[in-house]
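Have the sequence and the 3D view at hand as you read.

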Amino acid sequence: MINLNERLSEFSYGYGVTREVENLLLQAGCHVTPFLPSLVHEAELGFDVSFHDPGFILMLQFKLGQELQRFRRSKYCQSIPPLTSPFWRFDIDISARQFKNLLKSENADAHVYYVAPRFSDWLVYEQAFLASRVLYESLILRPSEIMRGIQAQAENKDVHRIVYDETDCYVCSELFKLRSVKQREIFDNIVERKSDTSLEESIQRLFDCLRTNSRDEIRDAQQWEYRNQFDARSRQDVHARALIIGMEVWIRGAQLVFVTESA
């Protein structure tokens with residue numbers, strides 16, 4: 001039995017977000033296939049998705065913010081963001097592979113979002129889950145928006161704090177207000193960006209993007225060592241590449257969703 005006084009788990013929160021995003025996609029007339037490791041073990045790596053239909057890739061990176069009541073400056077001259085209490089914070093390391101791959105994926109035309117709850121305990125999550133308001137009660141940010149705020153900083157460092165309350169969001173150390181994405185915008189972006197590009201083409205573009213510009217080719221090859229296994233077991237190249245991308249995203253802690261635009 002779950003103790004409702006315990007802290008929300010990232011797994012449970014991610015499930016609630018994914019479920020509601022799936023519903024948004026279904027309302028937009030899309031067919032949705034979330035990537036799960038179980039796909040790797042299916043016979044001949046089959047998929048219940050048509051790769052030749054128009055489609056795109058969606059990535060959701062979950063972050064559980066630490067709930068705070070008071071902002072503590074890292075240095076005396078730092079500005080204090082105008083946040084109400086409680087507010088939340090999480091860190092972003094722009095030198096880490098996770099952030100780099102998410103930013104690359106967005107630049108390769110995938111739909112990519114950081115999603116973080118504006119709550120911290122099980123009881124609030126349960127109420128939001130039952131009311132289908134988990135996404136509504138969350139902060140949604142694009143990696144490119146985070147990078148825009150970081151590039152406006154005078155400091156040259158890798159780790160930056162994201163702080164947010166129920167309405168606003170900032171990147172620190174120097175204060176820079178970020179533009180978050182509303183729940184409705186995800187639906188609108190999906191509808192507006194429909195095109196003739198097939199899911200297979202989207203997968204190939206993202207695959208090429210994630211495999212290029214690696215500064216550490218030895219580490220890159222080690223982390224993609226499952227590629228040969230998938231290539232050998234898959235009937236089609238697109239199946240292998242979809243699984244390679246899925247595994248890369250999954251082990252970085254994000255949820256990948258294959259979407260086609262024909263229900």
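**A partly exposed isoleucine**

At 43% relative accessibility, Ile251 counts as partly exposed, a class lying between buried (under 20% relative accessible area) and exposed (over 50%), with a 1.4 Å probe and protein chains only. This is a predicted model, in which local features need pLDDT of at least 70 and side-chain atom pairs pLDDT 80 or more, while totals for chains, interfaces and linings use all residues. Residues are numbered from 1 along each chain as its sequence is written, and side-chain values use heavy atoms, leaving out hydrogens and water.

**Surface patch**

- Ile251 belongs to helix α9 (residues 237-251); helices here are DSSP runs of H or I with at least four residues, and strands are E runs of at least two, numbered from the N terminus.
- Together with Leu36 and Trp250, Ile251 makes a nonpolar surface patch of about 250 Å².
- Patch residues have over 30% relative accessible area and no salt bridge, and nonpolar side chains are joined within 5 Å; a salt bridge is a Lys or Arg side-chain nitrogen within 4 Å of an Asp or Glu carboxyl oxygen.

**Helix α6**

- The buried residues of α6 are Leu199, Ser202, Ile203, Leu206, Phe207, Cys209 and Leu210.
- They cover an arc of only 165° around the axis, so they sit on the same side of α6; the arc is taken from the axis-to-C-beta directions.

**The sheet**

- Five strands form an open antiparallel sheet in the order β3-β4-β7-β8-β9, where pairing needs at least two DSSP bridges.
- β3 (66-68) and β9 (176-177) stand at the edges with a single partner strand each, so one side of each lacks a neighbour in the sheet.
- Strand β8 (residues 169-172) pairs with β9 over two bridges, and Tyr170 stands opposite Lys177 in β9.

Definitions and conventions:
Patch = residues over 30% accessible without salt bridge, like charges linked within 9 Å, V, L, I, M, F, W, Y side chains within 5 Å. Areas by Shrake-Rupley, 256 points an atom, 1.4 Å probe, with all protein chains shown as cover.
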